[in-house]
Amino acid sequence: MEKLYEDGLNRILKESIEALTGETCKINSAQAILKNIYPFGLLGNIALKLKEVLQENNTVLLSDSSRMIGRIIEGNDTPFIYEKVGMMYRHFMLDEFQDTSRQQWMNFKPLVDNALASGNASLVVGDVKQSIYRWRNGDWNLLANQLEADLRHQNVHKETLDVNWRSKKKHR
């Protein structure tokens with residue numbers, strides 16, 4: 001037995017342990033992927049369907065707006081770009097505003113302000129108690145305080161709903 005150990009079993013064992021240790025990251029990644037391959041596929045299909053629906057309805061997700069506006073104004077005269085976009089779109093609806101980032105609001109504020117100044121309607125909807133995207137720079141304070149402060153010179157109508165339409169009352 002000792003002869004087998006000295007003739008190479010020890011060397012093979014050490015090489016095997018080194019190979020396994022060096023590939024641990026790949027092994028763990030492969031196991032995690034295999035465990036989640038079906039949900040990843042589903043998410044991929046959902047993303048494709050979402051893209052299709054957005055194109056069909058000529059709409060854009062608010063989460064994509066910062067990137068899109070950034071590409072439009074990159075290297076251009078910013079007021080000119082906002083003027084052109086403001087002429088194309090007269091009404092804005094910003095839903096789930098409690099999860100809007102400061103950058104997104106800074107991009108949209110001139111457009112909403114211009115729409116309101118031109119007599120067009122815009123709608124901002126949100127609930128600060130439902131803010132869930134702080135990890136993505138969502139800033140509920142924009143809805144709680146900043147929105148009204150930024151648009152105080154406009155004829156802004158604020159309405160707080162007193163009925164919860166999202167869930168049923170508890171029955172005992």
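Analyst: The answer below turns to glutamine 154 and then to the protein around it.

The model is predicted. Glutamine 154 lies in the segment that follows helix 6, which spans residues 140-150. Is glutamine 154 buried or exposed? Its relative accessibility is 15%, and because buried means under 20%, glutamine 154 counts as buried.

The next point is what surrounds this residue. Setting aside neighbours within four places in sequence, glutamine 154 is in contact with Asp113, Leu116 and Ala117. With one of these, aspartate 113, the glutamine 154 side chain makes a polar contact, side chain to side chain, at 2.6 Å. Alanine 117 is 37 residues away from glutamine 154 along the chain, yet their C-alpha atoms are separated by 6.9 Å.

Now to the whole chain. Among contacts in the protein between residues at least 6 apart in sequence, 75% join residues at least 24 apart. Buried residues, glutamine 154 being one of them, make up 20% of the 172 residues.

The protein has 6 helices and 2 strands, and along the sequence they come in the pattern α-α-α-α-β-α-β-α. The radius of gyration is 27 Å, well over the 16 Å that the globule rule gives for 172 residues, so the protein is more spread out than a compact globule. Along the principal axes, its C-alpha atoms fill a box of roughly 95 × 60 × 30 Å. The accessible surface comes to about 14,100 Å², and carbon and sulfur atoms account for 57% of that surface.

Notes: Residues are numbered from 1 along each chain as its sequence is written. This is a predicted model: local features need pLDDT of at least 70, side-chain atom pairs count only at pLDDT 80 or more; totals for chains, interfaces and linings use all residues. Side-chain values use heavy atoms; hydrogens and water are left out. Helices (H or I, at least four residues) and strands (E, at least two) are DSSP runs, numbered from the N terminus. The radius of gyration is taken over C-alpha atoms; the globule rule is 2.2 Å times the number of residues to the power 0.38. Buried means under 20% relative accessible area, exposed over 50%, partly exposed in between (1.4 Å probe, protein chains only). Contact means heavy atoms within 4.5 Å. Accessible areas come from the Shrake-Rupley method with a 1.4 Å probe; for residues, only the protein chains shown count as cover. A polar contact is a pair of N or O atoms within 3.5 Å; within protein, one must be able to donate a hydrogen and the other to accept it, and residues adjacent in sequence count only if both atoms are side-chain atoms.
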